[in-house]
Amino acid sequence: MSVVLHTDHMVHLPKVASFVPVPARLIKKDQESDGLYTLHLEICSQQPEHIQQFARFQFGQFNMLSIMGIGEIPISIMGWQDGLLMHTIRSVGRVSEALNNLQPGSQIGLRGPFGQGWPLTDFTGRDLIFITAGLGCAPVVAAINYAVAHKQQYRRIVILQGVKHHQDLLWQSKYDEWRDKGDCQVLLAASEENKRKYHWRLGLVTELLELAEFDPSHCSVMMCGPEIMMLAALKQLNKQQVDESEVYLSLERNFQCGLGSCGHCQLGPYFVCKDGPVFHYPQIKPWFGHTGF
């Protein structure tokens, strides 16, 4: 089994032609937990450039998935494996529930990939710190997979993940696999449990930063999750003397077009769907964490 992943954030992907979706077929779906599935999709377009377009995603980008007559939603790209595109979806609304109820052989529409991803190629030779909470690990899991597989390009890899209860953790086997890799530190936190389990700590993911082993003067940080978590992490990183210029955030907004045309995801002068969802923190600092922007 082979995994083909592409990371060069400077690669200029083929321009998304229009708002017209490309057809894709559901080949299989894996149930990750209650109401959470990973869909494996085959691109059905007769145009080879469409397959290349979706295969050459940047870690951190997203696609728009649609079902005719029901609607369209943005979903982070989980990976590309054996010629199939992977998306992990939680049933929280009409469209996501309909997607998760599909059976193999069903057809959906795809537009993308959209936005800017993690600039992993800029982090060569540095310590990497991944901080995520809840389902926020989805936009970074492909980047973590790549970093661990190419760890000779980096120094230490630190993965911090927080959930409410330990059973909420997605891809438990992945975290075990990453923990077993040399120079890879995995720290997990459960905020609403009273009894600590093996490999787990009680509390918030931001409290794990004090336990993380990295060089503050030679690291790059990637964060994804609730903004209140990222704000708390930024304060803690500042205490630990990590320069804010080394921090990148993945933001979540109401994406409806993916092209910066509808304006629903505007943040200050930026459109999160087009200029993000991954931002260099200093770029959005004046607006991040403030209401009304």
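Before the first click, one cut-off: a residue counts as exposed when its relative accessible area is over 50%, as buried when that figure is under 20%, and as partly exposed in between. Keep in mind, too, that this is a predicted model.

**Stop 1: Q241.** Select Q241 and apply that cut-off. Its relative accessibility is 66%, so Q241 counts as exposed. You'll find Q241 in the loop between α5 (227-239) and β13 (247-250). Now check the backbone: phi of Q241 is near 65°, a positive value, and the residue is not a glycine.

**Stop 2: D82.** Jump to the loop between β5 (79-81) and β6 (84-90), where D82 sits. Here is another positive phi in a residue other than glycine, this one near 50°.

**Stop 3: G112 and P113.** Select this pair and look at the peptide bond that links them. The bond from G112 to P113 is cis, and its omega is near -10°. That deserves a look because most peptide bonds are trans. Show the secondary structure and you'll see that P113 belongs to strand β7, which covers residues 107-114.

**Stop 4: G276 and P277.** Which kind of peptide bond joins G276 and P277, cis or trans? A cis one, with omega about 0°. P277 is placed in a loop, between α6 (272-275) and β16 (278-280).

**Last stop: zoom out.** Select the whole chain and colour by secondary structure: there are seven helices and 16 strands. Along its principal axes, the C-alpha trace spans about 50 × 40 × 40 Å. The radius of gyration is 18 Å, which agrees with the value near 19 Å that a compact globule of 293 residues would have.

Of the 293 residues, 51% count as buried.

Contacts come next: among those between residues at least 6 apart in sequence, 69% join residues at least 24 apart. Finally, colour by charge.

Technical notes
Residues are numbered from 1 along each chain as its sequence is written. This is a predicted model: local features need pLDDT of at least 70, side-chain atom pairs count only at pLDDT 80 or more; totals for chains, interfaces and linings use all residues. Side-chain values use heavy atoms; hydrogens and water are left out. Helices (H or I, at least four residues) and strands (E, at least two) are DSSP runs, numbered from the N terminus. Buried means under 20% relative accessible area, exposed over 50%, partly exposed in between (1.4 Å probe, protein chains only). The radius of gyration is taken over C-alpha atoms; the globule rule is 2.2 Å times the number of residues to the power 0.38. Contact means heavy atoms within 4.5 Å.
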